[in-house]
Each structure stands twice: as C-alpha cells, then as structure tokens.
Amino acid sequence: MQAKLGIVELVVDDMARSLAFYRQLGLDLPAEADQQPHVDIELPGGMRIAWDTVETIHSFDPDWRPPTGGAGRMSLAFAFDTPAEVDSAYKTLVSLGYEGHKEPWDAFWGMRYALVHDPDGNAVDLFSPNK
C-alpha cells in the first residue's frame, strides 16, 4: 500500500474571513462558499485544499480541540513567479489587516521569502526564485 497526499485541510473559526484571505492569494473560491461549513477545491495538478469550520469538526469529533503550545510545525507555501510579486502579495495582505510575521527577505537558499499568518493563525509562506 502506498498513500498519496490528496488534500490539505484547514480548520477555521470564520469561513468567510478565511476564504477572503486565500482569495487574495489567487484561489478561485466562489462567494457562496463563505456561508458553507465545508469547502474544498482542486488546485492545478490535482491536489485539493479544504476548509472546515470548528462546528463541522465537532459534528463528527466532539472532543476535537485546537492545538496548543505556540506555533504550528507546518505551513502552506504559495509560489510566485518573481520577487516583486512576493513583496506585493505581502504588502497587500498586511494592508488588509492580516498578520505579517516576517517581511520579505532574500533567503540564503536562493528565494525571495515572506511569512504571514492566515486569520486562524496558520503559517503561510510566500516565495519565488530570487532572480
């Protein structure tokens, strides 16, 4: 048996607020999704990303609790074509009130990189080749 990663799921407090953040990163999420308890879309290449409200998770796992003890150990990373696009995306997200964690910098591994947090505190990396 060989498992194949097929979906990344985020548990959110406010669906509309979370989807608004991800729309800023270019995900095509219909407006009517804002009112849904579960949303998932297919990304180019076949991977899926999903959002579930806390209430949805509690409907099948009443004992579920959010992680505690500080920052998580994984993040979503969104690729851009140019360093200027990374800078622009970071600036746009922060200007809209989302938490900027680390302003864009030229990483030693050859990428332009920035770190933001989505409305639920999930780490989101923005990167491009540093041309």
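1. A word on terms before the count: a salt bridge here is a side-chain nitrogen of Lys or Arg within 4 Å of a carboxyl oxygen of Asp or Glu. Please keep in mind that the model is predicted. Searching the whole structure turns up 5 salt bridges.

2. One of these joins the side chains of Arg 23 and Asp 34, at 2.8 Å from N to O. Arg 23 sits in helix H1 (residues 15–24) and Asp 34 in the loop between H1 and strand S2 (38–42), so this pair ties together parts that are 11 residues apart in sequence. Arg 23 is partly exposed, with a relative accessible area of 25%.

3. Now to Arg 112, whose side chain meets that of Asp 106 in a salt bridge of 3.0 Å, N to O. Is Arg 112 buried or exposed? Its relative accessibility is 15%, and buried means under 20%, so Arg 112 counts as buried.

4. Glu 42 is exposed, having a relative accessible area of 53%, whereas Arg 48 is partly exposed, with 27%.

Methods:
Residues numbered from 1 in each chain as written. Predicted model: local features only at pLDDT ≥ 70, side-chain atom pairs only at ≥ 80, totals over all residues. Heavy atoms only, no water. Helix = DSSP H or I, 4+ residues; strand = E, 2+ residues; numbered from the N terminus. Buried < 20%, exposed > 50% of the residue type's maximum accessible area, 1.4 Å probe, protein only.
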